[in-house]
Amino acid sequence: MEIKTKLRGRSGMSRLVFLLLCGIAVMLLLFIAEGYIRHLDDAKMTFDKDQVREAVELAKIQYLSEGCPAGTTYYFDAERARMVPFDEIVNIVGYGRSSAAHNRHGETGALGIPNLGGRGGAQFLAIAIEDDDTVNVRWQGKHLTVYDESLMSAQELARLTEAQRLQIELDRQRGGDAG
């Protein structure tokens with residue numbers, strides 16, 4: 001009988017040690033997963049910042065080389081490393097990676113949401129350069145929305161074509177909002 005009691009005691013102690021080891025392993029995995037997620041978010045932000053920097057430099061060069069007498073808005077096609085006019089943005093493959101939470105205050109160097117996730121996916125950059133050398137950079141998708149309109153400067157809004165205004169109005173009718 002004494003041996004049975006000892007075996008039960010050891011079994012109970014083994015179970016306790018096993019549960020403690022499992023708890024420690026779970027905590028370690030959570031800690032590692034959180035660090036890895038933070039690393040991925042940092043990598044996305046770095047990529048987006050690099051894209052903004054490259055787009056702004058290229059837009060300024062193109063603006064100066066074209067000698068535009070008035071402000072203009074360029075759209076950055078990162079895949080081909082070139083600026084395109086509005087009528088070619090349907091060919092741009094979105095490349096923004098950061099989420100809204102990570103670019104809440106324009107941390108990428110551009111306003112807006114780099115990647116909308118499932119409801120809109122990756123966005124691309126629109127760079128508005130004005131006569132007074134003001135540069136406004138924002139993330140945008142292939143179709144202008146009410147949200148895009150809220151991020152535009154007054155000069156950029158004044159340059160919108162009728163087709164662009166129609167896209168915004170269609171979004172407004174679908175219930176688009178500015179945030």
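## Basis of the model

Because the structure is a predicted model, local features need pLDDT of at least 70 and side-chain atom pairs count only at pLDDT 80 or more, whereas totals for chains, interfaces and linings use all residues. Residues are numbered from 1 along each chain as its sequence is written, and side-chain values use heavy atoms, with hydrogens and water left out.

## The sheet

Four strands form an open sheet in the order β2-β1-β3-β4, with antiparallel pairing; strands (E, at least two residues) and helices (H or I, at least four) are DSSP runs numbered from the N terminus, and two strands pair if DSSP finds at least two bridges between them. The edges are taken by β2 (82-84) and β4, each with a single partner strand, so one side of each is left without a neighbour in the sheet. On average, and with direction ignored, neighbouring strands of this sheet are turned by 35 degrees against each other, the axes being lines fitted to C-alpha atoms and angles running from 0 to 180 degrees between N-to-C directions.

The antiparallel pairing of β3 and β4 extends over 6 bridges, and I127 has V137 in β4 as its bridge partner.

## Salt bridges

The structure holds 10 salt bridges, each defined as a side-chain nitrogen of Lys or Arg within 4 Å of a carboxyl oxygen of Asp or Glu. One of them joins E130 and R159, with an N to O distance of 2.6 Å. This pair links distant parts of the chain, 29 residues apart, with E130 in the loop between β3 (124-129) and β4 (135-140) and R159 in helix α3. E130 counts as buried at 2% relative accessibility, while R159 is partly exposed, with a relative accessible area of 27%; here buried means under 20% relative accessible area, exposed over 50% and partly exposed in between (1.4 Å probe, protein chains only).

Within helix α4 (residues 162-173), R172 and E169 are 3 residues apart and therefore separated by about one helical turn; their salt bridge has its closest N and O atoms 3.1 Å apart. Both partners are partly exposed, R172 at 36% relative accessibility and E169 at 33%. Elsewhere, salt bridges that share partners join D77, E79, R80, R82 and E88 into one network. The side chains of R82 and E88 meet at 3.7 Å, N to O.

## Pockets

The largest pocket has a volume of about 460 Å³. A pocket is an open set of points on a 1 Å grid over the protein atoms alone where a 1.4 Å probe fits, with protein on both sides within 12 Å along at least five of seven lines, and lining residues have an atom within 4 Å of a point; grid points are joined across faces, edges and corners, and the volume is the space filled by probe spheres set on the points. Its lining comprises 20 residues, of which L116, R119, G120, Q123 and T145 lie nearest the centre, and helix α2 (residues 146-151) gives the most, with 3 residues. The lining divides into 7 nonpolar, 8 polar and 5 charged residues, where Ala, Val, Leu, Ile, Met, Phe, Trp, Tyr, Cys and Pro count as nonpolar, Asp, Glu, Lys and Arg as charged, and the others, Gly among them, as polar.

The second largest pocket has a volume of about 160 Å³, and its lining includes T72, T73, Y75, E156 and R159. β1 (72-77) and α3 (154-159) each supply at least two lining residues, with β1 giving the most, at 3. This lining divides into 4 nonpolar, 4 polar and 2 charged residues.
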